[in-house]
Amino acid sequence: MKSKQPNHLRSIVAHVVLIILSFMCLFFFYILIVNATRSHSDLQKGFSALPGAYLLDNLKNVANDGTFPMFRGILNSLIVSGCSAAICTYFSALTAYGLYAYNFKLKKIAFTFIMAILVMPTQVTAMGFLRLITNMGMYDSLLPLIIPSIASPAVFYFMYSYLQSSLPLSLVEAARIDGSGEFMTFNRIVLPIMKPAIAVQAIFSFVGSWNNYFVPALVIQSKEKMTVPILIATLRGADYMNFDMGKIYTMILVAIVPIIIVYLLLSKFIIAGVTLGGVKE
Amino acid sequence: MKKRVVSALLIAAMAVTAMAGCGSNSGGSGGGNDGGSASGEEGKVINIYSWNDEFRERVEAVYPEVKETSSDGTVTTLNDGTEIHWIINPNQDGVYQQKLDEALMKQADAAADDKIDIFLSETDYVNKYTDKDADAAMPLKDLGIDPEKDLADQYEFTKVTASDTEGVQRGSTWQCCPGLLVYRRDIAKEVFGTDDPEEIGQKVKDWDAMKGTAEELKAKGYFTFSSYADTFRLYGNSIAESWVSPGETVIKVDQKIMDWVKSSKEWLDAGYLDKNVKGQWNDDWNKAMGSASKVFAFLFPAWGIDFTLKPNWDGGDGVWGVTNPPQEYNWGGSYVHACTGTDNAEHVKDIILAVTVNKDNLLKISKDYSDFTNTVSGMQEAAKDDSFSSEFLGGQNAFTYFAPVAENIQIAPLSAYDQGCVELIQNSFSDYLQGKVDYDKAKTNFETAIKERYPDITEIQWPE
Amino acid sequence: MKQKNKKVDYSKWGYFFILPFFISFFIFSLIPLIDTIRYSFFEYYRSGIKEIGPNFVGMANYASLLGSDMLKYAANTMILWVIGFIPQIVIALVLAEWFVDARLKIRGTQFFKVVIYLPNLIMASAFAMLFFTMFSTNGPVNGILMSIGLTSKPIDFLGSVMGTRSLVGFMNFLMWFGNSTIMLMAAIMGISPDIFEASELDGCNSFQRFFFITLPQIRPILAYTLITAIIGGLQMFDVPQILTNGQGSPDRTSMTLIMFLNSHLKSRNYGMAGALSVYLFIVSGILCFFVYRMTNNDDPDGSKAAAKKAKKLAKKQGRG
């Protein structure tokens, strides 16, 4: 009786807050979409709340521009982000499991070490990184954008925390008694349990990698290997020769559409994963 | 047991693939081209570094050897089978220079077909590459081009700009960027009762006349220029001494720069400039070129009218006109350099001659791309030739105004530090002009910023 | 015999599991890191395209950094971070709690979840570009404010210290609160429903449940969120960089440490950049050490203990 009333009120507050927050989030996307449907001279006239009819032309401009191979860029970005997300989550889970489930001599040192490098600002090592990969002959290749994500301390830490809260070691023991090999245990039993964590981190690392500009800008040289953020920077950097804000907005829109699709697909998987995740016992 | 072996193999395999990834790749890029062709023989690949497609379009337009360009614009094939590889990096955030510098440092060890053959630079940093000690850009003489004879028809200041401190010319340009005053005819008619370029020209012929004109415009609710940044080039390009003298590490801020600060403050406070427009290349600045804007005039070279003003203008043709600026100035310009160590000297020479020297080619560029090109006699002809008139300017022939400006340009002495100095002094004093910091703080901020940009700078000297 | 062997063998398997991580780390991070640290003791930069150095200068780079405005930028970074992070974590916690609270009957949860995460998808640089346009003096935001009569003159958002800082904080908030919400929600949903059921039976109200059960239970993930946010904050770059065009204007009040580092990298001053990153490294290490200690006591079963405590408390209140 007593608890019913406040819940009703709280429910209204919750809805109002959510609607305001959603409005804030969507507002900027809306502006982006509206701007992408207007020509540069329309945009010059000032802000409009209604979309224009210029989207197709803008899209055509983006697609036909040979100097900014947008679709090639999207493909590259998909390759890089997809591979990064996959190997990053897999190896992080592997590492986390290795440190969680086994008691070996260097365990504590290894764990402390990873925690220490967790805080390492990435921007700084970039210069050394560039020299290194140049010496290794990986300059202007997609590989240096993918392989280093095997070691992602932050993702590792998330996986480790998740294992702590969701994987009873008794489960592993049980698998051993059933004669399962260690890798098989990991792939068949531990991985499915970690699904929610993997899904969450897969999204995060996919997005992170998709939006990464700093490292690709250092590493990638040739047009056919450029990823989306470099292309957008290139377009903006092409200064007065290509001055068309409508095209730039469209390009940004085109750049985020694939990621939104991937996100929508994966987000369903997350929710399913989380709700089914009664891992305890 | 068996399973364990399998999994051990698996991890080994993973490690191997990870390593092999690196290995095979290095093999791919390193082993593909096996080394230098004998000197004297032309290489098969010409590598050109630039920050946009402008130069490629020029080459395609006028270099007769061009056969075709791949659809993505990265490779141009010449008639003899030689390929031009275009390596384009954005100017933004200094990415272009970073990549170019990186490649230049490796130039000596690079395989013949990986060597840079031609690279481009802008006036703001041309000096960094024409520096004699840096030896990145080849003297034109070494290519077999005699600047005295072959480039006699070029504007003198472009030759000076592309030369090192000893006067050895190390680059050449097709483009020449004299600036004009571009004004709104409709506003002119309303305020002055005329839009005749000659009469408006009289009203803006020097800074004193300009001030009176600004007062008239203000009375009718118009701004003379959009922002204080618009006038910077006029002051900044007339400095008496270079920012940093050769061999020194002291920045000497020229009196002209402080004059710019002083008059900008005066103009801003008097309401001759739009307070809401802070600098250039931003949205507010773009909007100031729209039909709803209250800004009377802009200071632009030929490229500015075509690539900045035109796309930002949302009205019909014929509203804008050009006339002489209060002071002759130059803004921009791309220089073509042959890179030291090129293995395609003959082709490079041909390209430079075709794009930057051949008068017919230059006139063609002027006609097709509205570029003001680097030929004194050609531009004089264009000034008299009505086929060069512009629809956008209401049938006015802008070359009539450009040509005399170009002939009177005194290029300011350059240094390798110009780009940073020009950018940072505007940034630092922008805060002062907007009333965010006081004058001395702006000075300190400039000192901090410039030392960050150029660690070798030891001292900053201010005039007075 | 086989049984005995097993125990020893299994622990060694750990090495195999963590091997790829460490190999990759040593190659792609450690070597560049050592490079960075090494050069922090050298005078080493580019002047034009000439390389100056490397000349060994000992601690000179470190000393000259202490003499610069570095501490001011550190303060800026912290202010910007706090402005964004506090609303971010508070709202994320509240939202996560709401989403998993079946009694609130929130409609369209899926929709809201998808929407609040959206801003995180867009590139920070593109987002900053969008904001720059929208909040410029002639931009749409001022247009709206003026047309509804909230202000008569356009507000110069990016011209004032508070305006710029708030915008940066707001953008960081907007970009990251959805991310935190999803993460915390996953954590809360990972809590065994039994505990909630027990607390329900014991008469916990929603506040008690939140503070005594949810919070302690999700501590590891909360710590993770906090640590990553601190690292992210320390590395704050894209947003203020684009919004202020790399100047941290006005008067360098929104200049962050990484922007400072970037200006050294831009001038190819490896020595100074190296020293600055070593400082950054130390600071972030200290920060994380504290957070880690604060949120993780040595008792690996801490969460369970906390849950028990909560149960007891709830029981007490129920009785009282």
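This is a predicted model: local features need pLDDT of at least 70, side-chain atom pairs count only at pLDDT 80 or more; totals for chains, interfaces and linings use all residues.
Close-up 1. Setting aside neighbours within four places in sequence, A:Y97 touches A:L163, A:F186, A:V190 and C:F17. Here, "in contact" means that the C-beta atoms of two residues, placed from the backbone, lie within 7 Å. Local features need pLDDT of at least 70 and side-chain atom pairs pLDDT 80 or more, while totals for chains, interfaces and linings use all residues. Residues are numbered from 1 along each chain as its sequence is written, and chains are lettered from A in the order in which they are written.

**Close-up 2. The largest nonpolar core.** This one has 171 residues, and A:Y97 turns up again, with A:M159, C:F127 and C:L184, among those with the most contacts inside it. A nonpolar core is a set of buried Ala, Val, Leu, Ile, Met, Phe, Trp, Tyr and Cys residues joined through C-beta atoms within 7 Å; buried means 20 or more other C-beta atoms within 10 Å of a residue's own. The top contributor is helix α7 of chain C (residues 161-190), which puts in 15 residues. Helices are DSSP runs (H or I, at least four residues), numbered from the N terminus.

**Close-up 3. A second, separate core.** This core counts 124 residues, including B:I84, B:I88, B:V277 and B:A382.

Close-up 4. By an automatic or database assignment, chain B splits into domain 1 (45-176 + 333-384) and domain 2 (179-330 + 410-461).

Notes
A residue is buried if 20 or more other C-beta atoms lie within 10 Å of its own, exposed if 12 or fewer, and partly exposed in between; C-beta atoms are placed from the backbone. Helices (H or I, at least four residues) and strands (E, at least two) are DSSP runs, numbered from the N terminus.
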